[in-house]
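My notes follow in the order I looked things up.

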Amino acid sequence: MECNVVIVGAGPAGIFTALELVRKKSRQKIVMVEKGQPVGQRRCPKNDAGQCVHCKPYCHITTGFSGAGAFSDGKLSLSYEVGGELPALVGEQLVQKTIEYTDSIYLEFGADAHVEGIGASEKVKEIRSRAIQAGLKLVDCPIRHLGTEKAQEIYLAIQEYLQANGVQILFGWSCTDLLLEEGECRGVLLQKAGAPDRTMEVLAGATIIAAGRRGADWLERRCAKHGIAHEPGTVDIGVRVEVRNEIMEDVNNVLYESKLIGYPQPFKNKVRTFCQNPGGFVSQENYDNDLAVVNGHSYKGQKSDNTNLAILCSHHFTEPFNQPIAYAQKIGELTNMLGAGRILVQRFGDILDGKRTWQKELARSNVRPTLPDAVAGDITAAMPYRAMVNIIGFIQAVDHVVPGFASVETLLYSPELKFYSNRIKMDRHLDTSVRGLYCLGDASGWTRGLMMASVMGVLMGRRLLEKEEDAGE
(Lines give C-alpha, C1' and ligand atoms only; values in the text may rest on other atoms or scores of the structure.)
Protein backbone atom coordinates (compact mmCIF):
# COMPACT_ATOMS: atom_id res chain seq x y z
CA MET A 1 0.00 0.00 0.00
CA GLU A 2 1.20 3.51 -0.77
CA CYS A 3 0.12 6.80 0.81
CA ASN A 4 1.44 10.23 1.70
CA VAL A 5 1.19 9.90 5.48
CA VAL A 6 1.10 6.73 7.58
CA ILE A 7 0.27 7.12 11.26
CA VAL A 8 1.08 4.22 13.60
CA GLY A 9 -1.18 4.39 16.62
CA ALA A 10 -4.69 5.84 16.83
CA GLY A 11 -4.24 7.56 20.17
CA PRO A 12 -4.65 11.33 20.73
CA ALA A 13 -1.35 12.29 19.02
CA GLY A 14 -2.10 10.30 15.87
CA ILE A 15 -5.77 11.32 15.86
CA PHE A 16 -5.05 15.04 16.03
CA THR A 17 -2.37 14.81 13.36
CA ALA A 18 -4.99 13.39 11.01
CA LEU A 19 -7.67 15.81 12.24
CA GLU A 20 -5.52 18.87 11.55
CA LEU A 21 -4.73 17.64 8.03
CA VAL A 22 -8.38 16.89 7.28
CA ARG A 23 -9.74 20.11 8.77
CA LYS A 24 -7.26 22.18 6.78
CA LYS A 25 -8.27 20.45 3.54
CA SER A 26 -5.02 18.61 2.95
CA ARG A 27 -4.86 16.62 -0.30
CA GLN A 28 -2.58 13.98 1.23
CA LYS A 29 -3.70 10.37 1.49
CA ILE A 30 -3.65 9.37 5.15
CA VAL A 31 -3.49 5.82 6.52
CA MET A 32 -3.78 5.12 10.26
CA VAL A 33 -2.63 1.79 11.70
CA GLU A 34 -4.14 0.57 14.97
CA LYS A 35 -3.60 -2.89 16.43
CA GLY A 36 -6.77 -2.63 18.52
CA GLN A 37 -10.41 -2.23 17.56
CA PRO A 38 -12.75 0.66 16.68
CA VAL A 39 -14.27 2.50 19.64
CA GLY A 40 -17.62 0.74 19.25
CA GLN A 41 -16.03 -2.72 19.44
CA ARG A 42 -13.93 -2.11 22.54
CA ARG A 43 -15.49 -4.08 25.37
CA CYS A 44 -13.84 -4.90 28.68
CA PRO A 45 -15.42 -8.16 29.95
CA LYS A 46 -14.39 -7.47 33.54
CA ASN A 47 -17.76 -5.90 34.40
CA ASP A 48 -19.45 -9.21 33.60
CA ALA A 49 -16.70 -11.62 34.67
CA GLY A 50 -15.88 -9.80 37.91
CA GLN A 51 -12.14 -9.95 37.25
CA CYS A 52 -9.63 -9.37 34.47
CA VAL A 53 -9.68 -12.22 31.93
CA HIS A 54 -6.50 -11.09 30.09
CA CYS A 55 -8.04 -10.45 26.67
CA LYS A 56 -6.05 -11.65 23.67
CA PRO A 57 -4.43 -10.56 21.49
CA TYR A 58 -4.65 -7.14 23.19
CA CYS A 59 -6.24 -5.52 26.22
CA HIS A 60 -9.34 -3.57 25.12
CA ILE A 61 -8.72 -0.87 27.74
CA THR A 62 -5.29 0.12 26.44
CA THR A 63 -5.60 -0.58 22.70
CA GLY A 64 -8.01 0.52 20.03
CA PHE A 65 -9.04 3.86 18.57
CA SER A 66 -8.16 6.66 21.02
CA GLY A 67 -5.77 4.36 22.92
CA ALA A 68 -6.16 4.31 26.68
CA GLY A 69 -7.94 7.68 26.38
CA ALA A 70 -11.35 6.12 25.69
CA PHE A 71 -11.25 4.20 28.97
CA SER A 72 -9.37 6.75 31.08
CA ASP A 73 -10.91 9.34 33.39
CA GLY A 74 -10.90 11.67 30.37
CA LYS A 75 -9.32 14.83 31.83
CA LEU A 76 -7.89 17.58 29.62
CA SER A 77 -5.29 19.72 31.41
CA LEU A 78 -5.61 23.26 30.05
CA SER A 79 -2.21 24.62 31.11
CA TYR A 80 1.19 24.24 29.43
CA GLU A 81 2.67 23.60 32.89
CA VAL A 82 1.08 20.13 32.96
CA GLY A 83 1.72 17.28 30.55
CA GLY A 84 5.41 16.80 29.90
CA GLU A 85 8.31 18.64 28.31
CA LEU A 86 6.85 19.74 24.97
CA PRO A 87 6.93 23.44 26.00
CA ALA A 88 10.72 23.17 26.42
CA LEU A 89 10.96 21.90 22.84
CA VAL A 90 8.66 24.29 20.96
CA GLY A 91 8.00 27.13 23.42
CA GLU A 92 5.49 27.79 26.19
CA GLN A 93 3.42 30.38 24.29
CA LEU A 94 2.96 28.16 21.26
CA VAL A 95 1.90 25.23 23.43
CA GLN A 96 -0.62 27.32 25.40
CA LYS A 97 -2.16 28.74 22.21
CA THR A 98 -2.35 25.25 20.73
CA ILE A 99 -3.98 23.92 23.92
CA GLU A 100 -6.74 26.51 23.51
CA TYR A 101 -7.17 25.58 19.84
CA THR A 102 -7.21 21.84 20.59
CA ASP A 103 -9.65 22.33 23.43
CA SER A 104 -12.05 24.07 21.02
CA ILE A 105 -11.98 20.95 18.82
CA TYR A 106 -12.89 18.72 21.77
CA LEU A 107 -15.79 21.09 22.47
CA GLU A 108 -16.95 20.80 18.85
CA PHE A 109 -17.12 17.03 19.24
CA GLY A 110 -19.19 17.19 22.42
CA ALA A 111 -16.93 17.85 25.43
CA ASP A 112 -18.57 19.39 28.50
CA ALA A 113 -18.24 23.20 28.43
CA HIS A 114 -17.72 23.30 32.21
CA VAL A 115 -14.12 23.76 33.37
CA GLU A 116 -13.05 22.55 36.79
CA GLY A 117 -10.52 24.34 39.00
CA ILE A 118 -11.22 27.99 38.15
CA GLY A 119 -12.47 30.64 40.57
CA ALA A 120 -12.44 30.29 44.39
CA SER A 121 -9.08 32.08 44.44
CA GLU A 122 -9.09 32.63 48.22
CA LYS A 123 -9.58 28.92 48.89
CA VAL A 124 -6.83 28.09 46.39
CA LYS A 125 -4.54 30.46 48.30
CA GLU A 126 -5.28 28.60 51.53
CA ILE A 127 -4.44 25.26 49.91
CA ARG A 128 -1.27 26.70 48.37
CA SER A 129 -0.22 28.13 51.74
CA ARG A 130 -0.53 24.72 53.38
CA ALA A 131 1.39 23.16 50.47
CA ILE A 132 4.24 25.63 50.86
CA GLN A 133 4.41 24.94 54.59
CA ALA A 134 4.68 21.23 53.79
CA GLY A 135 7.48 21.80 51.26
CA LEU A 136 5.26 21.08 48.26
CA LYS A 137 4.40 23.04 45.12
CA LEU A 138 0.76 23.34 44.06
CA VAL A 139 0.09 23.59 40.33
CA ASP A 140 -3.51 24.74 39.99
CA CYS A 141 -4.41 23.73 36.46
CA PRO A 142 -7.86 24.20 34.89
CA ILE A 143 -9.36 20.81 33.97
CA ARG A 144 -11.99 19.90 31.40
CA HIS A 145 -13.40 16.58 32.60
CA LEU A 146 -14.76 14.46 29.78
CA GLY A 147 -15.64 11.46 31.93
CA THR A 148 -14.86 7.90 30.91
CA GLU A 149 -18.21 7.25 29.25
CA LYS A 150 -18.32 10.68 27.52
CA ALA A 151 -14.75 10.29 26.25
CA GLN A 152 -15.84 7.17 24.39
CA GLU A 153 -18.67 9.11 22.71
CA ILE A 154 -16.35 11.95 21.71
CA TYR A 155 -13.69 9.69 20.24
CA LEU A 156 -16.34 7.67 18.39
CA ALA A 157 -17.53 10.91 16.77
CA ILE A 158 -13.95 11.80 15.82
CA GLN A 159 -13.34 8.30 14.42
CA GLU A 160 -16.42 8.54 12.23
CA TYR A 161 -15.47 12.07 11.10
CA LEU A 162 -12.00 10.95 9.99
CA GLN A 163 -13.35 7.93 8.13
CA ALA A 164 -16.03 10.05 6.45
CA ASN A 165 -13.32 12.42 5.25
CA GLY A 166 -11.13 9.83 3.56
CA VAL A 167 -8.77 8.70 6.33
CA GLN A 168 -8.21 4.95 6.00
CA ILE A 169 -7.91 3.23 9.36
CA LEU A 170 -6.43 -0.28 9.43
CA PHE A 171 -7.73 -1.92 12.61
CA GLY A 172 -6.20 -5.15 13.90
CA TRP A 173 -2.76 -4.49 12.38
CA SER A 174 0.41 -3.95 14.40
CA CYS A 175 3.61 -2.32 13.22
CA THR A 176 6.52 -4.75 13.48
CA ASP A 177 9.25 -2.56 12.01
CA LEU A 178 10.22 0.60 10.15
CA LEU A 179 11.34 0.53 6.52
CA LEU A 180 14.55 2.52 6.27
CA GLU A 181 16.64 3.10 3.17
CA GLU A 182 19.78 5.25 3.02
CA GLY A 183 18.97 7.11 6.22
CA GLU A 184 15.36 7.83 5.26
CA CYS A 185 12.15 6.21 6.52
CA ARG A 186 10.09 4.90 3.61
CA GLY A 187 7.20 3.44 5.61
CA VAL A 188 6.33 0.57 7.93
CA LEU A 189 5.98 -3.22 7.99
CA LEU A 190 2.68 -4.48 9.42
CA GLN A 191 1.39 -7.79 10.76
CA LYS A 192 -2.23 -8.82 11.19
CA ALA A 193 -3.17 -9.45 14.82
CA GLY A 194 -3.41 -13.16 15.51
CA ALA A 195 -2.17 -14.05 12.01
CA PRO A 196 1.66 -13.88 11.94
CA ASP A 197 1.76 -15.00 8.28
CA ARG A 198 -0.27 -11.98 7.13
CA THR A 199 2.08 -9.05 6.60
CA MET A 200 1.93 -5.86 4.59
CA GLU A 201 4.17 -2.94 3.72
CA VAL A 202 2.81 0.59 3.80
CA LEU A 203 5.03 3.04 1.93
CA ALA A 204 4.71 6.73 2.77
CA GLY A 205 6.48 10.05 2.38
CA ALA A 206 5.95 10.76 6.10
CA THR A 207 5.87 8.09 8.81
CA ILE A 208 4.34 9.12 12.14
CA ILE A 209 4.93 6.90 15.17
CA ALA A 210 2.36 7.74 17.85
CA ALA A 211 2.32 4.48 19.80
CA GLY A 212 1.48 5.88 23.24
CA ARG A 213 2.93 4.76 26.56
CA ARG A 214 2.06 1.20 25.63
CA GLY A 215 4.39 1.43 22.62
CA ALA A 216 7.32 3.09 24.39
CA ASP A 217 9.24 -0.17 24.83
CA TRP A 218 8.66 -1.15 21.19
CA LEU A 219 9.87 2.27 19.99
CA GLU A 220 12.94 2.04 22.19
CA ARG A 221 13.91 -1.22 20.48
CA ARG A 222 13.37 0.33 17.03
CA CYS A 223 15.61 3.23 18.00
CA ALA A 224 18.38 0.86 19.02
CA LYS A 225 18.02 -1.22 15.86
CA HIS A 226 17.95 1.67 13.38
CA GLY A 227 20.19 4.15 15.13
CA ILE A 228 17.45 6.73 15.73
CA ALA A 229 18.85 9.41 18.02
CA HIS A 230 17.33 9.13 21.50
CA GLU A 231 18.26 9.18 25.14
CA PRO A 232 17.03 7.36 28.25
CA GLY A 233 14.55 9.62 29.95
CA THR A 234 12.54 9.43 33.12
CA VAL A 235 10.46 6.50 34.28
CA ASP A 236 7.73 6.93 36.89
CA ILE A 237 7.23 4.29 39.55
CA GLY A 238 4.56 4.65 42.18
CA VAL A 239 1.24 3.69 43.67
CA ARG A 240 -2.43 4.57 43.30
CA VAL A 241 -3.81 6.00 46.54
CA GLU A 242 -7.47 5.76 47.54
CA VAL A 243 -9.18 7.69 50.34
CA ARG A 244 -12.75 8.59 51.27
CA ASN A 245 -14.26 11.55 49.43
CA GLU A 246 -14.72 13.35 52.76
CA ILE A 247 -10.94 13.59 53.15
CA MET A 248 -10.47 15.22 49.73
CA GLU A 249 -13.69 17.26 49.76
CA ASP A 250 -12.14 20.76 49.97
CA VAL A 251 -9.55 20.07 47.27
CA ASN A 252 -12.06 18.28 45.02
CA ASN A 253 -14.54 21.16 45.22
CA VAL A 254 -11.98 23.92 44.67
CA LEU A 255 -9.47 22.39 42.26
CA TYR A 256 -11.00 19.06 41.19
CA GLU A 257 -7.43 17.82 40.65
CA SER A 258 -4.70 18.90 43.06
CA LYS A 259 -1.36 18.64 41.28
CA LEU A 260 1.26 18.60 44.03
CA ILE A 261 5.00 18.24 43.49
CA GLY A 262 7.65 17.58 46.12
CA TYR A 263 11.26 16.48 46.57
CA PRO A 264 11.20 14.56 49.87
CA GLN A 265 14.29 13.77 51.93
CA PRO A 266 16.67 12.05 51.82
CA PHE A 267 16.83 11.24 48.09
CA LYS A 268 15.09 14.37 46.76
CA ASN A 269 13.63 12.62 43.74
CA LYS A 270 10.70 14.41 42.12
CA VAL A 271 7.44 12.98 43.45
CA ARG A 272 4.05 14.18 42.20
CA THR A 273 0.35 13.50 42.22
CA PHE A 274 -1.27 12.55 38.93
CA CYS A 275 -4.69 11.63 37.55
CA GLN A 276 -6.95 12.47 40.50
CA ASN A 277 -10.45 10.98 40.29
CA PRO A 278 -13.06 12.40 42.71
CA GLY A 279 -15.76 9.79 43.23
CA GLY A 280 -13.77 7.55 40.90
CA PHE A 281 -12.84 3.91 40.59
CA VAL A 282 -9.46 2.18 40.69
CA SER A 283 -8.93 0.04 37.58
CA GLN A 284 -6.57 -2.52 36.11
CA GLU A 285 -4.82 -2.43 32.73
CA ASN A 286 -2.83 -5.18 31.05
CA TYR A 287 0.12 -4.91 28.71
CA ASP A 288 1.12 -7.33 25.96
CA ASN A 289 3.40 -9.29 28.27
CA ASP A 290 0.48 -9.79 30.72
CA LEU A 291 1.88 -7.13 33.04
CA ALA A 292 -1.01 -5.87 35.19
CA VAL A 293 -0.80 -2.21 36.23
CA VAL A 294 -3.19 -0.03 38.19
CA ASN A 295 -4.94 3.09 36.93
CA GLY A 296 -8.00 5.18 37.79
CA HIS A 297 -11.29 6.09 36.09
CA SER A 298 -13.82 8.81 36.78
CA TYR A 299 -17.29 8.78 35.24
CA LYS A 300 -19.71 11.65 34.73
CA GLY A 301 -22.78 9.74 35.88
CA GLN A 302 -21.46 7.02 38.19
CA LYS A 303 -19.71 7.96 41.45
CA SER A 304 -18.09 6.03 44.29
CA ASP A 305 -17.51 7.04 47.92
CA ASN A 306 -13.77 7.39 47.28
CA THR A 307 -11.21 9.58 45.55
CA ASN A 308 -8.16 7.96 43.95
CA LEU A 309 -4.97 9.48 42.57
CA ALA A 310 -1.51 8.35 41.57
CA ILE A 311 1.66 9.21 43.45
CA LEU A 312 4.58 8.83 41.09
CA CYS A 313 8.30 8.90 41.86
CA SER A 314 10.48 9.94 38.92
CA HIS A 315 13.71 8.04 38.29
CA HIS A 316 16.24 9.42 35.84
CA PHE A 317 19.09 7.02 35.12
CA THR A 318 22.58 7.86 33.95
CA GLU A 319 25.41 5.88 32.32
CA PRO A 320 25.95 3.04 31.99
CA PHE A 321 22.29 2.06 32.53
CA ASN A 322 20.02 2.55 29.51
CA GLN A 323 16.98 0.32 30.13
CA PRO A 324 14.60 2.34 32.34
CA ILE A 325 11.46 0.79 30.84
CA ALA A 326 12.74 -2.73 31.50
CA TYR A 327 13.61 -1.68 35.05
CA ALA A 328 10.05 -0.52 35.73
CA GLN A 329 8.63 -3.64 34.10
CA LYS A 330 10.66 -5.88 36.43
CA ILE A 331 9.22 -4.06 39.44
CA GLY A 332 5.74 -4.56 38.03
CA GLU A 333 6.37 -8.25 37.34
CA LEU A 334 7.60 -8.82 40.89
CA THR A 335 4.54 -7.09 42.31
CA ASN A 336 2.27 -9.16 40.05
CA MET A 337 4.02 -12.30 41.27
CA LEU A 338 3.17 -11.43 44.87
CA GLY A 339 -0.46 -10.84 43.88
CA ALA A 340 -0.77 -14.00 41.75
CA GLY A 341 -1.16 -11.87 38.63
CA ARG A 342 -3.48 -9.29 40.20
CA ILE A 343 -3.09 -5.80 41.66
CA LEU A 344 -1.80 -5.58 45.25
CA VAL A 345 -3.42 -3.28 47.81
CA GLN A 346 -2.14 -2.37 51.28
CA ARG A 347 -3.21 0.04 54.01
CA PHE A 348 -0.80 2.90 54.71
CA GLY A 349 -0.84 2.21 58.43
CA ASP A 350 0.25 -1.39 57.83
CA ILE A 351 3.20 -0.15 55.76
CA LEU A 352 4.34 2.04 58.64
CA ASP A 353 3.85 -0.89 61.05
CA GLY A 354 5.91 -3.21 58.85
CA LYS A 355 3.13 -5.72 58.28
CA ARG A 356 1.06 -6.96 55.35
CA THR A 357 -2.63 -6.15 54.99
CA TRP A 358 -5.22 -8.93 55.30
CA GLN A 359 -8.53 -9.11 53.45
CA LYS A 360 -10.50 -9.12 56.71
CA GLU A 361 -8.89 -5.79 57.64
CA LEU A 362 -10.05 -4.24 54.37
CA ALA A 363 -13.57 -5.58 54.95
CA ARG A 364 -13.99 -3.59 58.16
CA SER A 365 -12.26 -0.39 57.05
CA ASN A 366 -13.94 2.95 56.30
CA VAL A 367 -12.17 2.93 52.92
CA ARG A 368 -13.52 0.04 50.85
CA PRO A 369 -11.49 -0.77 47.70
CA THR A 370 -13.20 0.19 44.44
CA LEU A 371 -11.08 -2.46 42.69
CA PRO A 372 -12.82 -5.50 44.20
CA ASP A 373 -10.41 -8.13 42.86
CA ALA A 374 -7.29 -6.41 44.21
CA VAL A 375 -5.31 -8.71 46.51
CA ALA A 376 -4.52 -7.58 50.05
CA GLY A 377 -0.80 -7.99 50.70
CA ASP A 378 2.52 -6.22 51.11
CA ILE A 379 3.59 -3.90 48.29
CA THR A 380 6.85 -3.07 50.11
CA ALA A 381 8.11 -6.58 49.32
CA ALA A 382 8.41 -5.55 45.66
CA MET A 383 8.77 -1.75 45.68
CA PRO A 384 12.41 -0.52 45.66
CA TYR A 385 13.55 1.05 48.92
CA ARG A 386 14.28 4.44 47.36
CA ALA A 387 10.85 4.70 45.75
CA MET A 388 9.03 3.49 48.86
CA VAL A 389 10.80 5.99 51.14
CA ASN A 390 10.00 8.79 48.70
CA ILE A 391 6.33 7.79 48.54
CA ILE A 392 5.96 7.54 52.33
CA GLY A 393 7.59 10.94 52.84
CA PHE A 394 5.41 12.50 50.17
CA ILE A 395 2.17 11.07 51.61
CA GLN A 396 3.08 12.44 55.03
CA ALA A 397 3.75 15.87 53.47
CA VAL A 398 0.40 15.82 51.63
CA ASP A 399 -1.27 15.10 54.98
CA HIS A 400 -0.40 18.69 56.01
CA VAL A 401 -2.25 19.96 52.93
CA VAL A 402 -5.13 17.45 53.14
CA PRO A 403 -5.56 16.36 56.77
CA GLY A 404 -6.34 12.66 56.98
CA PHE A 405 -4.58 11.76 53.74
CA ALA A 406 -1.95 9.75 55.66
CA SER A 407 -4.48 7.88 57.80
CA VAL A 408 -4.07 4.27 58.80
CA GLU A 409 -6.84 3.18 56.42
CA THR A 410 -5.58 5.01 53.30
CA LEU A 411 -5.17 2.40 50.56
CA LEU A 412 -2.11 2.03 48.31
CA TYR A 413 -2.39 -0.05 45.13
CA SER A 414 0.63 -1.26 43.17
CA PRO A 415 2.11 -1.22 40.59
CA GLU A 416 1.41 2.20 39.05
CA LEU A 417 3.97 2.59 36.26
CA LYS A 418 4.28 5.15 33.45
CA PHE A 419 6.34 4.05 30.44
CA TYR A 420 7.46 7.13 28.54
CA SER A 421 11.13 7.11 29.30
CA ASN A 422 12.61 6.83 25.80
CA ARG A 423 12.96 10.46 24.64
CA ILE A 424 13.42 10.84 20.90
CA LYS A 425 15.81 13.62 19.95
CA MET A 426 14.13 16.14 17.66
CA ASP A 427 14.22 19.83 16.82
CA ARG A 428 11.49 22.43 17.33
CA HIS A 429 10.05 21.47 13.93
CA LEU A 430 9.61 17.88 15.23
CA ASP A 431 12.22 16.53 12.80
CA THR A 432 14.10 13.46 14.08
CA SER A 433 17.54 12.20 13.04
CA VAL A 434 15.89 10.09 10.31
CA ARG A 435 14.37 11.85 7.32
CA GLY A 436 10.67 11.20 6.91
CA LEU A 437 10.26 9.80 10.45
CA TYR A 438 8.35 11.59 13.23
CA CYS A 439 7.60 10.42 16.76
CA LEU A 440 4.75 11.89 18.77
CA GLY A 441 2.91 11.64 22.06
CA ASP A 442 3.83 9.76 25.20
CA ALA A 443 5.96 7.18 23.36
CA SER A 444 8.22 10.00 22.16
CA GLY A 445 9.04 10.93 25.75
CA TRP A 446 7.90 14.54 25.25
CA THR A 447 4.27 14.42 26.43
CA ARG A 448 2.16 12.98 29.22
CA GLY A 449 -1.59 12.82 29.05
CA LEU A 450 -4.45 13.40 26.62
CA MET A 451 -4.18 17.14 26.01
CA MET A 452 -0.44 17.46 25.47
CA ALA A 453 -0.38 14.42 23.16
CA SER A 454 -3.27 15.97 21.21
CA VAL A 455 -1.38 19.28 21.00
CA MET A 456 1.71 17.55 19.64
CA GLY A 457 -0.52 15.92 17.01
CA VAL A 458 -1.89 19.32 15.96
CA LEU A 459 1.65 20.71 15.62
CA MET A 460 2.63 17.67 13.55
CA GLY A 461 -0.34 18.20 11.26
CA ARG A 462 0.70 21.82 10.73
CA ARG A 463 4.27 20.73 9.98
CA LEU A 464 3.00 18.35 7.28
CA LEU A 465 0.77 21.08 5.85
CA GLU A 466 3.81 23.36 5.55
CA LYS A 467 5.65 20.64 3.67
CA GLU A 468 2.64 20.14 1.41
CA GLU A 469 2.52 23.85 0.60
CA ASP A 470 6.27 23.97 -0.08
CA ALA A 471 5.94 20.97 -2.43
CA GLY A 472 3.04 22.66 -4.23
CA GLU A 473 5.11 25.76 -4.90
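**Ser314.** I listed what Ser314 touches, leaving aside neighbours within four places in sequence: Thr234, Val235, Asp236, Asn269 and Lys270. Contact here means heavy atoms within 4.5 Å. Ser314 is in strand β16. I took strands (E, at least two residues) and helices (H or I, at least four) as DSSP runs, numbered from the N terminus. Ser314 has 10% relative accessibility, so it counts as buried. My classes are buried under 20% relative accessible area, exposed over 50% and partly exposed in between, with a 1.4 Å probe and protein chains only.

**Ground rules.** This is a predicted model, so I kept local features to pLDDT of at least 70 and side-chain atom pairs to pLDDT 80 or more, while totals for chains, interfaces and linings use all residues. Residues are numbered from 1 along each chain as its sequence is written, and side-chain values use heavy atoms, with hydrogens and water left out.

**Lys303.** I placed Lys303 in the loop between β15 and β16. Is Lys303 buried or partly exposed? Its relative accessible area is 47%, which makes Lys303 partly exposed. Not counting residues up to four places away in sequence, Lys303 touches His145, Pro278, Gly279, Phe281 and Ser298.

**Asp470.** Asp470 is in helix α13 (residues 450-472). At 52% relative accessibility, Asp470 counts as exposed. His400 is 70 residues away along the chain, and the two C-alpha atoms are separated by 57 Å.

**The open sheet.** I traced 8 strands in an open sheet with mixed pairing, in the order β4-β12-β13-β16-β11-β19-β17-β18. Two strands pair if DSSP finds at least two bridges between them. The edges are β4 (137-139) and β18 (375-376), each pairing on one side only.

Then I went through some of the pairings:

- β17 (residues 344-347) and β18 run parallel, with 2 bridges. Leu344 stands opposite Val375 in β18.
- β17 and β19 run antiparallel, with 4 bridges. Arg347 has Leu411 as its bridge partner in β19.
- β11 (residues 234-244) and β19 run antiparallel, with 6 bridges. Asp236 has Lys418 as its bridge partner in β19.

How many residues of β19 (residues 411-418) are buried? The count is 8 of 8, so I noted the strand as mostly covered, given the cut-off of under 20%.

**β14 and β15.** β14 (residues 281-286) runs antiparallel to β15, and 6 bridges join them. Gln284 has Val294 as its bridge partner in β15. I then checked burial in β15 (residues 292-297): 6 of its 6 residues are buried. In a regular strand the side chains alternate between the two faces of the sheet. I therefore sorted β15 by face, with buried meaning under 20% relative accessible area. Ala292, Val294 and Gly296 are buried on one side, and Val293, Asn295 and His297 are buried on the other.

**Aromatic rings.** I paired rings of Phe, Tyr and Trp (its six-membered ring) with centres within 6.5 Å; planes under 30 degrees apart are stacked, over 60 edge-to-face and the rest tilted. The rule gives 8 aromatic pairs. For Phe317 and Tyr327, the centres are 5.0 Å apart and the planes stand at 70 degrees, so this pair is edge-to-face. Phe317 lies in the loop between β16 (306-316) and α9 (324-338), and Tyr327 lies in α9, so the pair ties together parts 10 residues apart in sequence. Tyr327 is partly exposed, at 27% relative accessible area. Ring pairs also link Phe16, Tyr106 and Tyr155 into a cluster.

**Charges over rings.** My test was NZ of Lys or CZ of Arg within 6 Å of the ring centre and within 35 degrees of the ring normal. Arg356 has its charged end over the ring of Trp358, 3.9 Å from the centre. Arg462 has its charged end over the ring of Tyr101, 4.8 Å from the centre.

**Whole chain.** I logged 13 helices and 21 strands. Buried residues make up 59% of the 473 residues.
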